[in-house]
Amino acid sequence: MQKKQIIKKINYLSLFLISSLSIFAQEKMELGTLSESDKTFSIYQKDTTASAVYLYDYGDNYFEIRDNYVWLITKYHSKIKILKKEGSEYANVEIPLYRTKDRKEKLVKIKALTHNSNGTKIFVKKEEFFEEDVSEKWAQIKFAFPNVQEGSIIEYEYEMQSPFFFNFTGWSFQSNIPKLHSEFNAKIPGNWLYNRSLKGELKLNVNEAEIVKSCFKFPGNGRASDCEALKYVMKNVPAFKDSEEFMLSANNYRSKIEFELSEYKSFYGGTEKYTKSWEDVDKEFKNDKDIGSQLRKKNFFEKNVDEKLLTEGNALTRAKAIFQFVKNHFTWNEEFGIWHDNNVKTAFDEKKGNVAEINIALINLLNAADIKANMMLMATRERGLPKKTHPVMNDFNYIIAKVDIDGKSYLLDATDKYMPFGMLPYRCLNYYGRVMDFDNESYWFDILPETSNAQMIRAQMILEPEKEKLSGVFDLIHTGHFKVSQDELLSTTKEVDYLQELEEDITDDFQILSHEKNEKYSDDMKLMERFNFEIENIFQSENIYLNPFVIKFFEKNPFVSTERNYPIDFGFPMKYQYILNMKLPAGYKLKSLPVEKNLVLPDNGGQLKYNVVLNEGGILNLFFTFELNFSHYSSDFYTSIKGLFSEAVKDQNESLIVLEKI
């Protein structure tokens, strides 16, 4: 076997080895053996909503020479207790296997059984393990545990033999159900150096390492390498509930250990580096046909647009005009297209393209207008945050433009027709990106969201007891990102459908009499709409019981979990404000008002203010403000933010003004 082939196989960085050292004194549990606590376990007190729980989750990974060939061996063993009927979904298992035309991963051993409360053990039969094709490069082993019911323990173990060393994804301590014990073991030959990182907010209960002398002998020359033996354990690992709202990609927060091959020191001498520097990446991008060469099409765009677009006005005026032109000219095909098959000329002619093609066209046009613009690589919120320690190009999936005008920087994405100059779509609000400045060198640049994002309602209402109705007018004002969303809604929805849905959302007795967009008080960052309305059937007795919130900002609390061990990310700061003026009708006096509130988040992170007062002349004034001053909060804020939302929802749904007939 050739040295190069062996090296390629070994650099599968990572499903590693267990050491038999004294630091790993705890023995691996044997398949089919249950402890007394396993049998009696019936509820997970730390999360009573859990439908199932891992009693044991164990990985044993190492390199081994079999038939004079280096293989990556992966051993896995788990026990899951089914606590509720819904937990039976974990009785269906799929184990992925990677393959190419001439090589493939395979399971050399697999056993599985169901333990039931009456002491019976039911094994999965050999013929009940099925292998099926998933795609050209993937197959999978599937099986189902038999006779699973509440209280069952399902247990399985397998050994995988792999010729591939590039599919390593690390070890995940956290899943969508809790784990009592999650353990990852590794033994890494010293010829291979790895970047490693622990993601998530959870801490390791065990973090041990030791050098094992001459642990791995390289085939063919008899030389031996020392190994680093590792053991990582987490206990009582909470479930990761990524159904919660307001979060970045789960990849950022799910607790796991990651390894990435950095350098290989050959037994034959010499060193091969696998982690590139940004200088290397910069050079590659300059000559890349899908990115670098596409950024050098300035002459094409100069010939295919009106000369005035590139010459009239100062730099900022030209930049805004070019940005608007690109937004109007292109239709985004909903694809990102960052790494392959980009052609800005074809996209321009067809007036349709992916993110890369549209924003590279924007960069070319800005540079043609003598406005300094560079490409900025970034990742969307769903992708995860790019690593800053070293280049990992698969971390990036999006391209935007960074523009510098008169000492100020602007970030632009022309794929969204409703996005104003200098703002990025919500999907792009992901902390930072890498600016590829080919004249100098690339650098990191922060993504700062728009700070003025508000939904405001200003209402005036009149109670008309003689007509048994309430009538009034309210202005609905959106700014920042809320304005962008509302622009898209109004542009893509018929007015009659928009008003009908709004009426139905409020109450069956709510009727909009007229609606208009107030152009005088609207601009790129602000949209004002005015509604005339009336509500019938609010007089059910001599006294009047009125919930003053005609429109509610949120009907329910978006946070439902008892705890959260990852940050809350709203994308941008936001403010909700409701102001109401209402004159008391003749023949009535005020009986009761909602209680005043003034709640503040720690570190001036936000507030809830609510006050209703009766002024001279019988004018009732209501002021409600709900503010979140940061776009991002650590998990320490979770209880406070959940409580603030709870109070805001309560105010909007349960507020009551009582007027008593004189």
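Hello everyone, and a word on the ground rules before we start. The model is predicted, so local features need pLDDT of at least 70 and side-chain atom pairs count only at pLDDT 80 or more, while totals for chains, interfaces and linings use all residues. Residues are numbered from 1 along each chain as its sequence is written, and side-chain values use heavy atoms, with hydrogens and water left out.

Let's begin with the cysteines. How many disulfides does a search of the whole structure find? The search finds one, where a disulfide is a pair of cysteine sulfur atoms within 2.5 Å. Cys 215 is joined to Cys 227, with S to S at 1.4 Å. The link of Cys 215 and Cys 227 is right-handed, with 40 degrees about the S-S bond. Cys 215 sits in strand β12 (residues 206–217) and Cys 227 in strand β13 (residues 224–237), so the pair ties together parts that are twelve residues apart in sequence. Helices here are DSSP runs of H or I with at least four residues, strands are runs of E with at least two, and both are numbered from the N terminus.

Are the two partners buried or exposed? For the cut-offs, buried means under 20% relative accessible area, exposed means over 50%, and partly exposed lies in between, with a 1.4 Å probe and protein chains only. Cys 215 counts as partly exposed because its relative accessibility is 23%, whereas Cys 227, at 2%, counts as buried. Cys 428 also counts as buried, at 0% relative accessibility.

Now over to the acidic side of things. Which residues form the negative surface patch? They are Asp 497, Glu 501, Glu 504, Asp 505, Asp 508, Asp 509, Glu 536 and Glu 555. Patch residues have over 30% relative accessible area and no salt bridge, and like charges are joined within 9 Å. Helix α10 (residues 495–506) gives the largest share, four residues. Asp 509 lies in the loop between α10 and β25 (510–517) and counts as partly exposed, at 31% relative accessibility.

Last, have a look at two loop aspartates. Asp 370 has a positive phi, near 60 degrees, and belongs to the loop between α8 (355–368) and β18 (373–378). With 70% relative accessibility, Asp 370 counts as exposed. Asp 603 has a positive phi as well, near 55 degrees, in the loop between β31 (597–600) and β32 (606–615). Asp 603 is exposed, with a relative accessible area of 63%.

How values were computed
Patches are made of residues with over 30% relative accessible area and no salt bridge: like charges are joined within 9 Å, nonpolar side chains (Val, Leu, Ile, Met, Phe, Trp, Tyr) within 5 Å. Accessible areas come from the Shrake-Rupley method with a 1.4 Å probe; for residues, only the protein chains shown count as cover. A salt bridge is a side-chain nitrogen of Lys or Arg within 4 Å of a carboxyl oxygen of Asp or Glu. Lys and Arg count as positive and Asp and Glu as negative; His and the chain ends are not counted. The place of a charge is taken as NZ of Lys, CZ of Arg, CG of Asp or CD of Glu.
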